[in-house]
Amino acid sequence: MTFIIESDYKPNELNERIEAFIQWSQKYIHDMNDTDFETQRQSLIARRLEKPKQLLEYSHRLWSEISSKEYDFNRDEIEVKAIKELTKQDIIAFFERHLSHSSATRKKLTVSIISENPINEKHLNEVNAELMPAPKLPESIRIENITQFKTHLGFYSVRKPVVDVYANDTTIIDDLLAIIFSKLNFGSVLSAQTVCKRWLDVSKEGFRKVTSIWIKDSDNYQTVCEPYGFNDLSNTCVIRLSQYISNRQTFRSILTKIVAMFPNLKRLYVRLFELYISKDIFLSIAQSCVRDLQSLSIICGANNVYISEAEALLLAIRYPNIRVLQLQSNNLFIEQSAIDKLLQNLPKLEVFALNDTFCHNMANSPVYDGTVYRHLSTGIKVLITTGNILTPDVLQDMVRRPYHRLRELMVHQFDIKCMALIARHFQSIEWLIIHLDPDWCSDFTAQEFNQFIREVSAMRNMTHFTLNFIGIFDWDLDYNGDAVWDPLPPDFTANEIQLLGLCPKLKKLEVTARMSADSMFAIKLGFSKGWWWGVKWCSVSTICAISLAQDFDVDTHDHGSGVDDHQVDNIIGDITSYVGDLSHGLGDIGHGGGGHGDEDDEDIDDNHENY
Amino acid sequence: MNGEYSLDTTEGMAASGDPPTNNAVDDYDAEEALERQREEENKIKIKLKSFEGGVYECGLTAAKMSVMVANMLDALQETDLTKIATREPIPLQNDAVTNKALEKIVEWVDHHWDDPPIDPDFDDEKERRNEELSHWDKQFIDIADQGELFDIIAAANFMDIKGLVEVGAKHICNKIKGKSCTEVREMLKIHNDFTPEEEAAIHKENEWIYAKD
């Protein structure tokens with residue numbers, strides 16, 4: 001309780017008046033009847049519960065809690081509850097103990113500031129005779145030794161803060177903890193949840209920010225497909241499942257648990273090669289994710305995954321907003337009616353990948369007719385498919401609808417005869433990726449191959465072209481190791497490279513094919529057009545050509561096709577031993593002299609001027 | 001097929017993987033000039049003042065590794081960089097920036113000032129996660145006093161020095177990895193505020209990750 005009085009009377013006089021007032025109030029409360037007390041109580045409650053009218057008022061209220069370091073932000077509610085239980089006796093007892101002049105425990109501090117102006121020397125009760133008499137206070141004692149006085153005083157306690165802000169002072173702050181969690185693997189984060197409540201909260205908060213999850217089984221990064229639609233890794237959680245999990249528990253219950261931890265999931269990418277979980281995975285996923293899932297990729301090493309019409313429908317109905325759908329397994333059997341159901345019910349589809357990369361069992365594959373893609377959304381941007389679906393008949397059907405947004409086409413087991421139709425009707429394609437597989441592709445002659453490349457080169461918007469003869473070299477067999485080209489496909493010659501040079505926008509050329517040294521020099525000229533290219537593997541003599549041509553900057557470690565460093569070392573070793581045999585011919589080419597190489601160079605230069 | 005399609009952009013073709021342009025030579029020269037400039041700038045010493053009042057000197061380029069300091073210096077709009085040296089020390093008003101922490105931070109940035117800038121394409125989650133700390137960093141961050149260690153990381157976080165926060169976070173990660181929650185609590189002196197029932201419930205929920213044959 002504080003009194004502030006400004007006056008020209010003597011401080012002693014004023015002090016007496018304060019004491020008189022206190023004495024009067026004590027009597028006032030004492031004499032108060034119950035009705036009055038109740039009225040006072042209710043009005044106090046009403047005032048405490050009154051909502052702040054201005055933001056400023058509210059802010060003051062909160063700040064006072066911070067500056068008092070009590071942090072009792074629910075003070076009003078708590079205190080009103082206490083006020084309701086107060087009795088008149090409580091108030092009187094409080095008064096007598098803390099405020100009354102006769103109390104032995106009363107503490108009072110008087111600070112008097114005497115002005116330089118003349119002081120009114122009169123006694124107040126002389127001025128006003130009706131004033132109440134002031135109580136008689138005990139004589140004051142002058143403190144001579146302040147230190148001694150202070151040593152005899154007890155401590156005055158401050159209320160304990162409601163929120164204990166100092167409790168975890170030496171631990172890791174939340175922001176940092178979140179960074180640490182983002183660097184731990186998923187399993188470690190889960191075990192860290194049981195450390196303390198704050199860690200549990202921070203980890204859950206982190207999970208809330210996750211919009212993408214990748215579920216993978218191994219470190220097998222070199223295998224085939226990159227996920228579509230993932231650019232931002234900061235919101236991505238990678239979960240690696242080890243094999244024993246699937247042995248002990250069903251994949252479904254694990255998946256349900258994982259998915260339940262991420263309430264804002266938009267993209268689910270599952271790639272499991274080691275776990276042979278068969279089609280159960282499709283069913284599990286069809287039942288476990290949030291409805292507005294936008295991207296779903298399931299890539300598994302299961303053999304003979306069969307997706308029925310009903311399962312496809314279930315998937316499509318459950319996730320109507322899907323924009324990216326990628327399904328891949330070994331021998332993926334999906335009936336045409338199931339594809340129909342998917343495409344009919346997923347109008348927002350932008351990326352549709354249905355592939356069977358290592359298809360060895362085409363004989364048992366379902367048969368598709370020309371209308372298989374009739375429901376394909378015209379907004380499609382990326383189409384990944386296989387040669388047994390994308391037949392000339394299907395293309396004939398597709399050209400009736402405009403697919404102006406189609407940017408990428410990737411076909412496994414491509415039938416090179418389809419290229420003419422694609423080149424004519426799908427000029428919007430920027431990325432063209434073609435895999436040719438001896439198990440499936442029909443044989444073709446050098447002339448047919450040349451014609452195919454001629455058609456590819458007619459793609460005016462194409463920036464990236466990948467051509468991959470699967471299993472063309474013995475270190476790049478397909479995944480069963482049994483792909484054999486018989487007879488061998490035609491070489492990728494300098495002539496074909498010149499044809500590709502006609503593509504005005506081509507920037508990246510990636511080829512896994514048999515190439516001669518001539519071809520490599522032709523590609524070298526492509527550099528002057530700004531090509532960025534990755535040669536996957538070519539023949540040993542070709543690598544020699546690369547290594548001898550000084551301004552080639554070939555990254556021999558760019559071997560996405562499953563060659564390990566050891567094999568690269570072997571190849572490099574081979575090169576060294578071949579260099580002796582080949583140095584004569586290559587030396588000629590390398591220096592721009594010599595018959596055959598020279599002619600080629602000139603031809604290409606001529607072409608180059610025409611661009 | 002490098003997964004460069006973004007769900008959020010309609011024109012999803014990413015620019016990465018572009019060919020080296022014809023003005024590659026100019027780029028190279030520009031890079032070298034920038035490198036020289038950074039070197040020159042680092043000879044200018046600026047002063048940083050800790051929360052406790054200690055003043056530490058460090059090279060300008062090094063100090064700019066702190067995004068906060070860099071922004072502050074930008075705000076000064078001082079064209080004559082040498083004048084920055086004569087200015088009064090930059091105060092770092094956060095109680096984590098103790099004398100000891102700032103001394104270590106200055107040591108770190110002075111060692112790392114000429115690091116190549118972080119490659120934005122280097123986003124492979126696996127590489128980033130598994131990248132080992134350098135020997136120097138390991139010795140630097142291996143601090144016995146836990147309070148001091150947390151101060152350094154918190155101060156680096158406050159000053160927005162990404163590389164150092166990364167080093168600290170990785171260091172703590174390595175300490176936590178493979179430890180049971182009891183061990184983690186003991187190591188970091190964390191009070192377990194779960195009731196046994198709550199703890200058992202979370203354990204049960206996460207049981208599958210501990211499953212072994």
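Trainee: Which residue of strand 10 of chain A stands opposite A:H435?

Mentor: A:N468 stands opposite A:H435. Before going on, note that this is a predicted model, where local features need pLDDT of at least 70, side-chain atom pairs count only at pLDDT 80 or more, and totals for chains, interfaces and linings use all residues. Residues are numbered from 1 along each chain as its sequence is written, while chains are lettered from A and ligands numbered from 1 in the order in which they are written.

Trainee: What makes strand 9 and strand 10 of chain A a pair?

Mentor: Two strands pair if DSSP finds at least two bridges between them. Strand 9 and strand 10 (residues 464–469) of chain A are joined by 6 bridges, so they pair, and they run parallel. Strands here are DSSP runs (E, at least two residues), and helices are runs of H or I with at least four, numbered from the N terminus.

Trainee: How is strand 9 of chain A joined to strand 8 of chain A?

Mentor: Strand 8 (residues 408–412) runs parallel to strand 9, with 4 bridges between them. In this pairing A:E408 stands opposite A:W431. The chain gets from strand 8 to strand 9 through helix 17 (residues 419–425) of chain A, in a right-handed β-α-β crossover. Right-handed means that, with the strands pointing away from the viewer, the path from the first strand over the helix to the second runs clockwise.

Trainee: Why is strand 9 of chain A called largely enclosed?

Mentor: Because 5 of the 6 residues of strand 9 (residues 431–436) are buried. A residue is buried if 20 or more other C-beta atoms, placed from the backbone, lie within 10 Å of its own, exposed if 12 or fewer, and partly exposed in between.

Trainee: Why does A:K69 count as partly exposed?

Mentor: A:K69 has 13 C-beta neighbours inside 10 Å, so it falls in the partly exposed class. The residue is found in the loop between helix 3 (55–67) and helix 4 (75–85) of chain A.
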